[in-house]
Amino acid sequence: MGDRGAAVAAAGGGGSSGRRRRGAAAAARQPPGAEQGGGGEPGPDGGHDLGGDFRCHKVQESLLSSASGYSNYRGILNWCVVMLVLSNARLFLENLIKYGILVDPIQVVSLFLKDPYSWPSLCLVIVVNGFVVVALSLERRLAAGSLSEGAGAVLHAVNLLAILCFPAVVVLMVTSITPVGAVFALAIYTVTFLKLFSFRDVNKWCRERREAKASPRPGDGSAAAAGPKKANGDVGQSGVTYPGNLTYRNLYYFLFAPTLCYELNFPRSPRIRKRFLLRRLFEMLFFIQLLVGLIQQWMVPTIQNSMKPFRDMDYSRIIERLLKLAVPNHLIWLIFFYWFFHSCLNVVAEVMQFGDREFYRDWWNSESVTYFWQNWNIPVHKWCLRHFYKPMLKRGASKWTAQTAVFLASAFFHEYLVSVPLKMFRLWAFMGMAAQIPLAWFVSKFLRGNYGNAAVWISLIIGQPIAVLMYVHDYYVLNYEGSQ
Ligand SMILES: CC(C)(COP(=O)(O)OP(=O)(O)OC[C@H]1O[C@@H](n2cnc3c(N)ncnc32)[C@H](O)[C@@H]1OP(=O)(O)O)[C@@H](O)C(=O)NCCC(=O)NCCS
C-alpha cells in the first residue's frame, strides 16, 4: 500500500468521520501494544521492542488535506453566516451614518398614485373583467356549437391580443399613471392573459375528447368498449364535467387561484389551517415592510450614487458601483422570492383551499441554468410546458427550437413589464432573458457540480443589477438630465 493508501486506511478507509470513530473504538478494545501499527505483527526490526506502550503517533493525514476523507464543515458554514451578519451590520451602520433614516412608508403611496383623485391603475384592473366575460361567452358558444372552432379561435386570439395591447396603450397615453402602478396593472393583465390562454386550451381539449367519444371510428372495437366504462366514470365523478365548468364561479375560482394552468376540478385541501394562515399572513406583512425599507434605505442611494460614474464612463467606478449594488439587490430578490412564492401564494391557496402548493422547488441547488428555470417559478414553468413547449414538440419542432421559442416569449413578457411602465424601450430585460439560452449551453457544456451551481449564483447576483443599472441610468438620462 502506498503512502496515500496507508494514510486513508489509518483514517478509517478514507470514509466518514463516523467510520474513523468506529476504527478508533476497535483499536481501544485491543490489548496494549497491539495498536497503532503494532497489530501483533513483528516490527521492521524483526520483533524487537519498539516501545509500543509509549507510542502516541500513527500515520495519518491532516484534516484539511483531501486524503483525510474529512467532510464535516458545519462549523465553517456557521462562521460564514456570522461573518455575513457582522459585515452587513457594519454596512448597515455605515449606511445609517451616511444617509440617516430614509425609510418613508407614506412615500410608497406616491409610487402608486400621482394624483389622489385619479386612480388609473385600479380602473385598468377593474376593466380586465370585460375580457374575462368575453372569453367565457366565447367558450359557452363553442360548447353549444353556435360558433365554429375556426371563428372561436380567431375571436379568442383577438381577445387575448387585446388583453396585452389595451393596457399598454392606456399606460403609454395616460400621464397620471405612475411606473409602479403601471407595473402592477400590467402584471395583472399578463397573468389574466396566461390564465385565459390556458382556459381556452383546456376547454378545446375537452371538446376534442367529447367529439372523439361521440364518434368512435368505424371498426374501433376498443373505443366502443371503452365508451360505457368512461361514461360511467364521468357520471360517478363528484367534480364538474365539461361543459358544466363554463360558469362564472368556476372561472373566477381559477382566476384567483395561485396557478396559471386551468383544470376543471382542482385538488382541494380539506380545511383552512388557521395557524398556518396566520403565520403566512404575518410573514407577508413583515417581509413587504422589510422589502420597502431595504429598497429605500439601501438600493436607492446606491443607485443614485452610480449615476455619475455612468455619465463620466468611468469603467472601474462603474464596476465598483455594480458590485456594491449586487449585495442589496440580491438580498432583496431573495426576500422577494420567499415573500411571494412562499408567503403570498400560500395565503391565497390556504384561503381558497387550493391543494397544490408546489410553487417552487429547490432551485438553490441548481447545477445548470436549465435546472434553475425548471424549478424557481413553478406556475410559469408549468404553463410554459403545458401550453407552449409540449404543443410545439407535438407539432414537430425540435427541442432546441421549442426551448428557444419559450425563452424568447418569456423575454418578451419581461420586456413588456418593464419598458411599457417606464415608457422607454431599451430591450435590456429582453436581452437578459434571451441570454439564458447561450448561458444554459455554456454552463451545461463546461461546468459541473459545484462549479455549475456557482455559475448560476453568479449569473443571478451580477446579472440582475446590470439590468437594474441600465434601466435606471437610461430613465434618469431621459427624464431628469434634460431638465437640469
Ligand atoms: C423551456 C422549458 C419549458 C423547458 O423545460 P424542460 O423541463 O427543460 O424541458 P424538457 O425537455 O426536460 O422536457 C420537459 C417535458 O417535456 C417532455 N418532452 C420532452 N421531449 C418531448 C417530445 N419530443 N415530445 C413530447 N414530450 C416531450 C418531457 O417528457 C417532460 O415531460 P414531464 O414534464 O411530464 O416530465 C423551461 O426551461 C422553461 O420553463 N423556461 C422558461 C422559464 C421562464 O421563463 N420562467 C420565467 C420565470 S420569471
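Predicted model: local features only at pLDDT ≥ 70, side-chain atom pairs only at ≥ 80, totals over all residues.
Biologist: Which side chain meets that of K204 in a salt bridge?
Modeller: That of E208, with an N to O distance of 3.8 Å. A salt bridge here is a side-chain nitrogen of Lys or Arg within 4 Å of a carboxyl oxygen of Asp or Glu. E208 is partly exposed as well, with a relative accessible area of 43%.

Biologist: And where do E208 and K204 lie?
Modeller: Both belong to helix α7 (residues 179-214), where 4 residues, about one turn of the helix, separate them. Helices (H or I, at least four residues) and strands (E, at least two) are DSSP runs, numbered from the N terminus.

Biologist: How many salt bridges does the count come to?
Modeller: The count is 13 by this rule. One of them joins R273 to E350, whose side chains meet at 2.9 Å, N to O. R273 sits in the loop between α9 (248-256) and α10 (274-312), and E350 in helix α11 (residues 315-352), so the pair ties together parts that are 77 residues apart in sequence.

Biologist: What about the accessibility of R273?
Modeller: R273 counts as partly exposed at 35% relative accessibility. E350, by contrast, is buried, with a relative accessible area of 0%.

Biologist: Which residue forms a salt bridge with R317?
Modeller: E320 does, and the closest N and O atoms of the two are 3.4 Å apart. The two residues are 3 apart in helix α11, so about one helical turn separates E320 from R317. E320 is partly exposed at 33%, and R317 is partly exposed at 38%. Elsewhere, salt bridges link E139, E149 and R207 in a network.

Biologist: Turning to the ligand, which residues come nearest?
Modeller: Of the 18 residues around the ligand, the nearest are Q374, H381, Y389, K399 and S410. A residue is near if one of its heavy atoms lies within 4 Å.

Biologist: How far from an oxygen atom of the ligand is the side chain of S410?
Modeller: An N or O atom in the side chain of S410 lies 2.6 Å from a ligand oxygen. For K399, the corresponding distance to an oxygen atom of the ligand is 3.2 Å, and a polar side-chain atom of K390 is 3.1 Å from a ligand oxygen. The protein covers 66% of the 990 Å² of accessible area that the ligand has on its own. Accessible areas come from the Shrake-Rupley method with a 1.4 Å probe; for residues, only the protein chains shown count as cover.

Biologist: Which elements give two or more residues to that shell?
Modeller: They are α12 (369-375), α13 (378-394) and α14 (399-422). The most come from α13, with 7 residues.

Biologist: Where is the nonpolar patch on the surface?
Modeller: L63, L64, Y73, I76, W79 and M83 form it, with about 670 Å² of accessible area together. Patch residues have over 30% relative accessible area and no salt bridge; like charges are joined within 9 Å, and nonpolar side chains (Val, Leu, Ile, Met, Phe, Trp, Tyr) within 5 Å. L64 is in the loop between α2 (17-29) and α3 (74-99), and is exposed at a relative accessible area of 72%.

Biologist: Lastly, the backbone: which peptide bond is cis?
Modeller: The bond from Y242 to P243 is cis, with omega near 0 degrees. P243 is in the loop between α8 (221-236) and α9. Its C-alpha is 9.5 Å from that of L264, 21 residues away in sequence. L264 lies in the loop between α9 and α10 and is buried at 17%.

Biologist: What is phi of Q353?
Modeller: Phi is near 50 degrees, a positive value in a residue other than glycine. Q353 is in the loop between α11 and α12. K423, also not a glycine, has a positive phi of about 55 degrees and is placed in the loop between α14 and α15 (428-434).

Key. Residues numbered from 1 in each chain as written. Heavy atoms only, no water. Polar contact = N/O pair within 3.5 Å; in protein donor to acceptor, adjacent residues only side chain to side chain. Buried < 20%, exposed > 50% of the residue type's maximum accessible area, 1.4 Å probe, protein only.
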